Amino acid sequence: MDNFIEISDITKTYWSDDGKTETKVILPLSMAIAEGEMVMFLGPSGCGKTTLMRIVGGLETQDQGSIRLRGELLAGPDRRRGMVFQSYSSFPWLTVRNNIKFGTRYRTDISRQEKEEITDHYMNMVGLVRYGDFYTNRISGGMRQRVAIARTLASSPDVLLMDEPFGALDAQTREHLQFQLMDINKSEKKTTIFVTHDVEEAILLANRIIIFSSRPARVVKEIDVDAVISAEDRRNGTADVAAFMTMRGDILTLIRAEYAHNLEET
């Protein structure tokens with residue numbers, strides 16, 4: 001595996017307002033992520049997986065350790081890392097088209113005409129061409145998430161960070177966007193870190209799943225999904241059902257054990 005992203009010995013501790021009580025969130029934790037890989041972070045609620053992703057994105061600072069992208073030490077947020085949140089992060093005073101175009105705003109590597117072409121490209125990719133002149137408070141939640149994904153991709157990040165982006169959606173819309181993300185990932189080949197609580201979503205989308213312990217976070221197990229069920233079979237709905245259900249059961253067993261351990265500690 002080429003170390004496109006290197007996470008080395010990251011630790012994180014939160015302190016109470018009075019500075020007397022500490023909560024260890026992440027133990028020394030290291031991993032490498034390959035270019036173009038989609039990695040799912042799974043684990044019990046509150047285990048630290050979102051905190052780690054935010055540290056990778058530069059939205060939080062670690063106590064110790066380092067994050068490197070293409071070998072370069074990272075500090076603070078930048079355009080190379082784009083983030084899609086669970087909440088609908090669109091600008092209601094802008095149309096769908098201008099929301100997506102906003103992603104190109106700080107790109108100095110392309111012309112004005114290229115920005116228009118990129119906006120058209122991603123509007124078409126997420127199926128929103130006919131809604132280009134709609135304000136985002138006039139479209140559904142699923143459409144707003146498509147706007148957020150398209151806007152983030154338009155900024156041309158090296159890394160896409162997704163924090164339960166489909167968690168607030170109904171089942172049908174969620175499934176539609178999952179398959180749309182698979183198509184985007186196939187065509188764009190974006191290196192992606194995706195936080196989810198949904199085991200089936202993780203198996204469907206991931207090249208690799210990383211399962212975290214209860215807080216403080218450590219890696220319990222890594223699963224190479226592609227080695228068991230090919231991405232093409234998952235995308236086409238032809239995956240072996242027995243293999244899928246066995247993997248699902250194994251993951252749930254691990255997470256339940258970690259959740260039970262967390263209850264015993266509290």
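Aspartate 158 forms a salt bridge with arginine 70, with 3.7 Å between the closest N and O atoms; a salt bridge here is a side-chain nitrogen of Lys or Arg within 4 Å of a carboxyl oxygen of Asp or Glu. The model is predicted, so local features need pLDDT of at least 70 and side-chain atom pairs count only at pLDDT 80 or more, while totals for chains, interfaces and linings use all residues. Residues are numbered from 1 along each chain as its sequence is written, and side-chain values use heavy atoms, with hydrogens and water left out.

**Salt bridges**

- Aspartate 158 sits in the loop between helix H4 (141-154) and strand S7 (159-163), and arginine 70 in the loop between strand S4 (64-69) and strand S5 (72-73), so the pair ties together parts that are 88 residues apart in sequence.
- Helices (H or I, at least four residues) and strands (E, at least two) are DSSP runs, numbered from the N terminus.
- The count by this rule comes to 20 salt bridges.

**Domains**

- The domain assignment of the chain gives domain 1 (1-80 + 159-266) and domain 2 (82-156), the bounds coming from an automatic or database domain assignment.
- The C-alpha centres of domain 1 and domain 2 are 25 Å apart.
- Domain 1 gives 24 residues to the contact and domain 2 gives 23 residues, where contact means heavy atoms within 4.5 Å.
- About 1,900 Å² is buried between domain 1 and domain 2, 60% of it on carbon and sulfur atoms; buried area is the accessible area (1.4 Å probe) that two parts lose on being put together, summed over both.
- Between domain 1 and domain 2 the count is 0 salt bridges.

**Helices H3 and H5**

- The axes of helix H3 (residues 112-125) and helix H5 (residues 171-188) come within 11 Å and cross at roughly 140 degrees; axes are lines fitted to C-alpha atoms, for helices over the stretch in contact, and angles run from 0 to 180 degrees between N-to-C directions.
- H3 and H5 are therefore oblique to each other (under 35 degrees is roughly parallel, over 145 roughly antiparallel, 65 to 115 roughly perpendicular and the rest oblique).
- His121, Tyr122 and Met125 of H3 make the contact with Gln180, Ile184, Ser187 and Glu188 of H5.

**Backbone**

- Most residues other than glycine have a negative phi, and most peptide bonds are trans.
- Aspartate 9, in strand S1 (residues 5-15), has a positive phi of about 50 degrees although it is not a glycine.
- The peptide bond from arginine 215 to proline 216 is cis, with omega near 0 degrees.
- Proline 216 is in the loop between strand S9 (208-212) and strand S10 (219-224).
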